[in-house]
Amino acid sequence: MGYTHEEVEKYFDSYLLRASTALNLSKEDLLKTLTKQYDGFCFEVTAKQKVFSPWSLLNFFAAPGLGFCDYWFESGGRPSVLLEYVKSHSIRDPKEYGREKTISLASLSGSSDVESLSDIGLFTQAGYLTIKAVEYGNTVFLDYPNLEVKRAMAQLYTELLLKGKVAGQVGAGDIVRVLNNDDPEEVFHILNRLFTAIDYQSYPVTDEASVRAFIQVYLAGAGLDPKVERYNAHGRSDLEVNVGARLWVFELKTAHEGKSADAALQEAINQLTSRRYGEQDAVGKLERVALVFSLRERRFVRWAAVPET
């Protein structure tokens with residue numbers, strides 16, 4: 001089913017050393033990154049034994065100079081039965097991407113027939129979700145096993161949002177470059193290109209939670225690891241994402257009947273300033289941006305960069 005951490009260190013030591021040299025990383029840092037990228041699959045109820053994906057790990061060792069590539073889709077991580085199932089079941093909503101998922105132990109270990117499996121059960125059997133904890137004797141808590149699978153799921157959701165297209169086909173494919181270039185105004189424009197292309201009939205943007213969820217899916221599908229509602233001593237930021245040496249913090253508001261875009265923007269600016277979002281992290285540069293989405297116009301209508309206080 002997979003390689004344990006101990007097995008990787010014991011049997012692949014020469015490959016680890018080769019990869020360390022190719023990527024100019026210490027063995028310790030290499031193992032940490034490999035764990036985040038390819039480890040995390042768990043198939044037993046104590047939720048203690050986690051294993052690496054053999055296909056992904058072996059592909060990495062075969063060509064470490066390529067870096068930490070995503071191999072999940074190549075190993076059948078996108079079966080047609082799953083894609084068809086997603087289109088007609090409740091988990092098809094991209095807002096489900098970052099939410100906690102649970103299932104009963106009986107349901108998880110029960111029938112493997114697609115027609116009788118729950119959404120959560122199918123995603124677990126397909127490898128998109130894995131066991132993180134089992135509590136109260138019968139409640140299984142599930143999550144994505146690693147970054148590779150998390151991105152694969154985000155890409156699937158992005159295609160659902162965009163009616164089968166990928167972000168690049170709607171002019172929103174270079175978000176990582178934009179974030180690397182320290183350009184908050186271009187972030188505003190690229191997000192508008194994304195939201196303009198969303199299938200509103202199937203996935204309407206109805207509130208701030210919708211806006212946040214769709215951006216989270218988009219960023220994750222682009223290979224990033226966005227965090228939503230991240231805590232500090234003063235509150236919870238809407239969305240944070242690290243890109244290189246930069247930490248981007250986004251505070252999102254909606255303009256709607258009863259709240260003007262200007263009032264929403266000022267509220268977001270005040271929140272970023274007073275709650276000091278992002279300042280708890282030691283980063284090369286902190287970028288804080290307030291964004292206002294108009295529910296009536298279906299696009300972002302205001303933005304502001306907010307410097308550190």
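Across which strands does helix α12 (residues 261-274) lie? In this predicted model, helix α12 lies across β6, β7 and β8, and runs at about 145° to β6. Those strands belong to an open sheet of 5 strands with mixed pairing. An open sheet of 3 strands, paired antiparallel, is also present.

- From one strand to the next, the twist averages 40°.
- Within this sheet, strand β6 (residues 246-255) and strand β7 (residues 285-294) run parallel and are joined by 10 bridges.
- Leu247 has Leu286 of β7 as its bridge partner.
- Helix α12 lies across both of these strands and also across β8.

**The three-stranded sheet**

- Here the order is β1-β3-β2, and the pairing is antiparallel.
- The edge strands are β1 (101-104) and β2 (130-135), each pairing on one side only.
- Direction ignored, neighbouring strands of this sheet are turned by 35° against each other on average.
- Strand β3 (residues 139-143) pairs with β1 in the antiparallel sense over 4 bridges, and Lys101 stands opposite Leu142 in β3.
- β3 is also joined to β2 by 5 bridges, again with the strands running antiparallel; the bridge partner of Ala133 is Phe141 in β3.
- β2 and β3 form a hairpin with 3 residues between the strands, in which Tyr136 takes a positive phi near 60°.

**Packing of helices α2 and α4**

- Helix α2 (residues 13-23) packs against helix α4 (residues 54-62) at an angle of about 60°, and their axes are 9 Å apart.
- Because of that angle, α2 is oblique to α4; the oblique class excludes the range of 65 to 115 degrees, which counts as roughly perpendicular.
- The crossing in which α2 passes α4 is left-handed.
- On the α2 side, the contact is made by Tyr15, Leu16, Arg18, Ala19 and Leu23; on the α4 side, by Phe60, Phe61 and Ala62.
- Classified by residue type, this contact of α2 with α4 has 7 nonpolar, no polar and 1 charged residues.

**Packing of helices α3 and α8**

- Helix α3 (residues 27-38) and helix α8 (residues 147-161) have axes that come within 4 Å and cross at roughly 35°.
- Lys36, Gln37 and Tyr38 of α3 make the contact with Leu147, Glu148 and Arg151 of α8.
- By class, the contact of α3 with α8 has 2 nonpolar, 1 polar and 3 charged residues.

**Aromatic pairs**

- The count of aromatic pairs in the model comes to 16, where ring centres within 6.5 Å define a pair.
- One of them is the edge-to-face pair of Phe195 and Phe300, with 5.3 Å centre to centre and 90° between the planes.
- Phe195 lies in helix α10 (residues 184-196) and Phe300 in strand β8 (residues 299-305), so the pair ties together parts that are 105 residues apart in sequence.

Key. Residues are numbered from 1 along each chain as its sequence is written. This is a predicted model: local features need pLDDT of at least 70, side-chain atom pairs count only at pLDDT 80 or more; totals for chains, interfaces and linings use all residues. Side-chain values use heavy atoms; hydrogens and water are left out. Axes are lines fitted to C-alpha atoms, for helices over the stretch in contact, and angles run from 0 to 180 degrees between N-to-C directions. Helices (H or I, at least four residues) and strands (E, at least two) are DSSP runs, numbered from the N terminus. Angles under 35 degrees count as roughly parallel, over 145 as roughly antiparallel, 65 to 115 as roughly perpendicular and the rest as oblique. A crossing is left-handed if the near helix is turned anticlockwise from the far one by less than a right angle, and right-handed if clockwise. Contact means heavy atoms within 4.5 Å. Ala, Val, Leu, Ile, Met, Phe, Trp, Tyr, Cys and Pro count as nonpolar, Asp, Glu, Lys and Arg as charged, and the others, Gly among them, as polar. Two strands pair if DSSP finds at least two bridges between them. Rings of Phe, Tyr and Trp (its six-membered ring) pair if their centres lie within 6.5 Å; planes under 30 degrees apart count as stacked, over 60 as edge-to-face and the rest as tilted.
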